[in-house]
Amino acid sequence: MSEHAIIRFEGVSHNYDDDTVVLKDISFEMERGKFYTLLGPSGCGKTTLLRILAGFEQPDTGTVAIGGEDMRRRPPERRPVNMVFQRYALFPHRTVLENVLFGLESARVKSAEARERAQQALAMCRLQDHGDRRIEQLSGGQAQRVAVARALVNRPRVLLLDEPLAALDLKLRRHMQEELRALQQQLGMTFVYVTHDQDEALALSDLIVLMDGGRIVQTAAPRELYDRPDCVFAATFLGESNVISGTVRDVTGGVARIEADGGVLPGEACDGVTAGALGHLCVRPERVRVAGPESSGLQGEIEDVVFRGATVRCILRLRSGGRLIADQAVLPHVALPQRGDRVAVEWDADAARVLAN
Amino acid sequence: MHRLRIPVQVAPLGSLLAVACALPLAILFVYSFWQLSNFVIVHDWTLANYRAGLLDGYYLRLFARSLGTGAAVGAIAVILAYPFAYAARFRFTRWRNALLFAVLLSMFASYLVRVYAFQSILGRTGVINWFLQEIGIVDQPLDFLLFNRFAVIVTLTNVFLPFVLLPIWAAMQNVDPASIEAARDLGARPWTVFWKVVVPATRKAALAGFAFAFVLASGDYVTPTLVGGTDGLMIGKPIANSFGLTNNYPLGSALAFTMLLLFALVVFVVPRLLRRPLRVLGSVWKEHRPAVGPRWAVRIPGARLWPYALVPGVLAFLFAPLVIVVVLSFTTRDVPAFPMDGVTLRWYDNVLGDELFSSALTNSIKLAVFTGVAAAVLGTLAAIGLTRREFALKPAVEAFLLVPIALPGLITGVAMLTLYTWAQIPLSMLTIAVGHLVFATPFVVLVMMARLRDVDPLLAEAGRDLGATPLGVFRRVTLPLIAPAIAGGALVAAALSLDEFIITNFVSGSNVTLPLFIWSKLRIGVTPDVNAVSTLILLSLAVLVLAFFLLGGSVGRGVSRARSAKASASSRAASGQPRIDQPRGSQP
């Protein structure tokens, strides 16, 4: 175990009573002080992983360690983590301050000290004037901040956040994202954040743990994950990708070429790509350039043009029958492509990645 | 697996019901195969009692009449309850709380007093005859109003209507007005909307209400005794007599079990048998009815105003008996009859000076306090066990804990009496207390289960996450949230105890409670004394129900506020934002 790791999963698997497998042999470590996001579609196991950390679910096999201590058979109340719940789960019979005091009462912190710490936590979440409010008087954003303050005041080693912003409207959500990010950096605390919202994951995280079907697909920094996805799922779940499948002709010097759509297309070769096997070439729509038909790229026809403000999206039908999406910057004095135009598409060599099947 | 174990919280109530309800029924069952010979029970196994019950024309007629009466009461109650609940939901929305309070009040307003009241309404010297004579429609009082089946059906409908109204009311609250608007928008006429939208959403509640009224009305013996005469006699009377007057326990037991069997047939088997033919009939009707045509579109002027007649009418029907009893408690005449000559408090003086009354009052208060506290504790525990998590046999355990609600008091009462006779346990305040507890606790379980279901299970997890042990979570989170409901449950139990007559009548021995005091007065000759005692009972019941309503009301408001917050959050989520994905399997 590396000395910076605060959380370690080793061979964790989990099934529910009806034998549906939720987590399959998860092993990985999380570093101290980083903002982690567990990202994936519904049912990928991310919430279960979080609940295992909190102690609400027990893994069927494998071990979980937090701060070097084995958490097996350790009930939720004795774990050095606290959670911000999805619907906040604030206690309706307690005021804001009393909610924040709950954990300190459990830990039998002396009441003078507890009050001071609670006030600090409220101030940190910009709620210093709301201590006496009743829960039902709070707005959505305030309730969310109370939930964060109630968890933080206990000084957990890890803060767990289960889709904490899902119930807020878009604008408030953006704002709370910034606040959470600032709070995390100020405290230097490890955050583990569950979401299915890719924008949120990109905006917040030091590291994104991308999950699918009960497995961890890829763990990487947001930029890295976006630019260098390891598999087709990663390429298509986070942002959009054109995926062109074909046979890999050869792999030389880190560049693979695949035969597809009546051409030979080069791209950066990923692990596991071998000549003669099926490969998938992925290229982001914004990296695709639309050029005149005289160009050497793939030939096609513009099927539809969608104006999107800063960019224009061209949906192309390739001569081979495949479809491709290209986002072009909208520049003044430059005419937009028209439906029915014959064009060719091309991209820089480093814009495409060839992924193994 | 540990998840399947029955939770310990249901154990206290479960054992109480096993000892004080299931065991007595088992012993009663055994008795039904024994025999009475020279006034002594002989332990010779025989089917003679059942033969007597089923082959004797006398009992057969009584069975038939009881079931018929029960069915009529259930049907009339459902027919009255539907439009009342509908009007309260969609037309008198501002008065909804007041109407609900009225229904609750009438539900708890003394059973015995209301039955007695109908003597003062339908009798020779009753309100109706007095009124008819005053306006000169008749010269002589009509005798056919009281002491017959008609009087029994009217009285029982009055008693059980609130029990049918409440479930239909609750189901009606869940009918979304938007679904009605959608149906109208799609071209359905009001009547079609009612059949295709409202009825399907409330049918289960209506059937449950019907079954409840049917069983309790069919098994009643007090109403036939007080207002039935010979024509209105029902099977409950000979059963009750077997455990008192004639002391023929075996025959009474056999009749009681035959009655239970018939109830089970009507409630569980008959609907199943009827389902198919009804469906066939329905499809035949659909095929052959005229395709178009305004058959049902007959417009009656002012028809939309029906709620203004129906709702006050039902309320008047529910409350008239109570008002009349109270009014007649102040009469200067020696009989509780109209017209009254003047107003006096003499009858209250009389009653308060009566030693038997003060002993009955003390006993009733003791019993109500005991039942309130004990039922609240046992009922809350059981409800926690039943709502916290899934376990094997859950439906069976739930049914076992709730079944005393649907068991006619007559059966519970005679079964308990039989147990005490068999085990030679002397009748005392304790036997009454056990009877009240068995009767009242299941109601508390219902109240508490409804409340506990509204407590978000995430709150318990949040408590654990913040360092509280499971017991700490209960003390610091769950208990404060359900405390008002527990108090409400205790009040309900106290009210039920204060008013309990049927079971008490069998297990009281020489002890007197307020309803028993009224009953004894009714048997020796009615004076306005009875009205004075009744008024006192009604008053204390009204106070209890009001307190319950205020507690429940505040709980209800809190819940509805939480719900509306949740709804607005989800509508926000629905408008262009991804749905919250629920962790699977995290439900308790």
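The expected span of a helix is 1.5 Å times one less than its number of residues. Keep that in mind for helix H18 of chain B. This is a predicted model.

H18(B) covers residues 429–453, which is 25 residues, so at 1.5 Å a residue the helix should span 36 Å. The end C-alpha atoms are 35 Å apart, and that agrees. H18(B) does have a bend of about 30 degrees, located at Ala440(B). Within four residues after that comes a proline, Pro442(B). At the N-terminal end, the cap is Ser428(B), with a side-chain oxygen 3.1 Å from the backbone nitrogen of Leu430(B).

Now chain A, starting with a sheet. Strands of a sheet pair through backbone hydrogen bonds, either parallel or antiparallel. Here 4 strands of chain A make an open sheet, ordered E2-E1-E4-E5, and the pairing is antiparallel. Which strands stand at the edges? They are E2, residues 21–31, and E5, residues 69–70; each has a single partner strand, so one side of each is left without a neighbour in the sheet. The partner of E2(A) in that order is E1(A), residues 5–15, and the two pair over 7 bridges. Within that pair, Ile7(A) sits opposite Met30(A) of E2(A). Helix H1 of chain A, residues 46–54, packs on the sheet and touches E1, E2 and E4. The direction of H1(A) makes about 115 degrees with that of E1(A).

Last, the domains. Chain A is divided into domain 1, 5–232, and domain 2, 240–355. Their C-alpha centres lie 39 Å apart. How many residues are in contact between them? On the domain 1 side of chain A there are 8, and they contact 8 residues of domain 2.

Definitions and conventions:
Residues numbered from 1 in each chain as written. Chains lettered and ligands numbered in written order. Predicted model: local features only at pLDDT ≥ 70, side-chain atom pairs only at ≥ 80, totals over all residues. Heavy atoms only, no water. Bend = angle between axes of the 7 residues up to and from the residue. Polar contact = N/O pair within 3.5 Å; in protein donor to acceptor, adjacent residues only side chain to side chain. Pairing = 2+ DSSP bridges. Contact = heavy atoms within 4.5 Å. Axes fitted to C-alpha atoms, helices over the stretch in contact; angles between N-to-C directions. Domains from an automatic or database assignment.
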